[in-house]
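Trainee: I am new to this structure. Please take one part and go through it closely.

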Amino acid sequence: MLKKEIRLASKTKRNQLSANNIDEKSIAIANQLLALNIWQYSFYHLFLSIEQLKEINTEYILHILSGKDKNIVVSKSDFEALTMKHFLLTDATPLKVNKWGIPEPVNGIEISPKQIDVVFIPLLAFDLKGNRIGYGKGFYDRFLSECKTDVIKIGLSFFEAVESIEDTNENDIPLDYCITPEKVYNFN
Ligand SMILES: Nc1nc2c(c(=O)[nH]1)N(C=O)[C@@H](CNc1ccc(C(=O)N[C@@H](CCC(=O)O)C(=O)O)cc1)CN2
Ligand SMILES: Nc1ncnc2c1ncn2[C@@H]1O[C@H](COP(=O)(O)OP(=O)(O)OP(=O)(O)O)[C@@H](O)[C@H]1O
């Protein structure tokens, strides 16, 4: 299937989830992460959820990361350049919800993509090869192209894999893992 069709179908499915559903599935995803062999690193990049789009609630992952004393990195998006800047999230980092509904750091200690060891990636769908579909603006394709080649890329998804995304292109960087409430997909 094509990205456009899969994106639409996935948005429709996501819109049907209740607040309770979202919370249960988000907790299950966070719990699955504990079983991965990814906890020996220092810098973990996480997205902060867009609530009105019914994204995975990443608060549970945030708690795991802070419990493990990890450096947590969050981004600020530039919707004109379609790029992101990355900041350390500390108790002192002020957050503000932008006009797209994304909680973002106002300012803080900037982190280079090269410092990041693990990236948790929002997505609408993924396939059995680890290809990913997002909102289609390429923020993560650009960001991942600036990271270390061995950065660990972990997709988080409410739903299981689709068979195949046909229209992948040379900018698409595949996932290393994808976590759903039910399963851990390892693409390595
Ligand atoms: N939480 C979170 N942060 C993220 C992403 C993400 O997917 N999730 N992104 C991943 O790349 C980037 C932001 N990408 C976005 C791209 C498009 C829209 C957007 O079009 N919003 C429309 C409605 C879209 C819809 O209905 O699907 C809007 O708010 O009006 C929002 C965020 C960076 N930060
Ligand atoms: N490294 C890059 N440099 C410049 N443009 C890029 C890069 N990566 C992706 N793009 C552009 O961004 C857009 C991403 O479209 P695509 O269909 O791959 O979206 P997607 O997989 O849903 O991505 P995302 O979740 O990152 O928004 C395309 O127009 C693509 O040309």
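Mentor: The model is predicted. Helix 2 covers residues 19–33 and helix 3 covers residues 59–67. Their axes lie 8 Å apart and meet at an angle of about 30°. Angles under 35 degrees count as roughly parallel, so helix 2 is roughly parallel to helix 3. On the side of helix 2, the contact is made by Ser 26, Ile 27, Ala 30 and Leu 33. Helix 3 contributes Tyr 60, Ile 61 and Ile 64. By class, the contact of helix 2 with helix 3 has 6 nonpolar residues, 1 polar residue and no charged ones.

Ile 61 is also among the residues touched by Leu 46. Leu 46 sits in the loop between strand 1 (43–45) and helix 3. It counts as buried because it has 22 C-beta neighbours inside 10 Å, and the cut-off is 20 or more. Leaving out residues up to four places away in sequence, Leu 46 touches Thr 58, Ile 61, Leu 62, Leu 65, Ile 72, Val 74 and Phe 120.

Next comes helix 4, residues 139–146, whose buried residues are Phe 139, Tyr 140, Phe 143 and Leu 144. Seen down the axis of helix 4, these fall within an arc of 115°, so they line one face of the helix. Their cover includes strand 2 (71–78), strand 3 (83–88), strand 6 (118–122) and strand 9 (152–156). Phe 139 is also one of the residues that come nearest to ligand 1. The shell around ligand 1 divides into 11 nonpolar, 4 polar and 3 charged residues.

How values were computed: Residues numbered from 1 in each chain as written. Chains lettered and ligands numbered in written order. Predicted model: local features only at pLDDT ≥ 70, side-chain atom pairs only at ≥ 80, totals over all residues. Near = placed C-beta within 6 Å. Nonpolar A, V, L, I, M, F, W, Y, C, P; charged D, E, K, R; others polar. Axes fitted to C-alpha atoms, helices over the stretch in contact; angles between N-to-C directions. Helix = DSSP H or I, 4+ residues; strand = E, 2+ residues; numbered from the N terminus. Parallel < 35°, antiparallel > 145°, perpendicular 65-115°, else oblique. Contact = placed C-beta atoms within 7 Å. Buried ≥ 20, exposed ≤ 12 C-beta atoms within 10 Å, placed from the backbone. Arc of directions from axis to C-beta.
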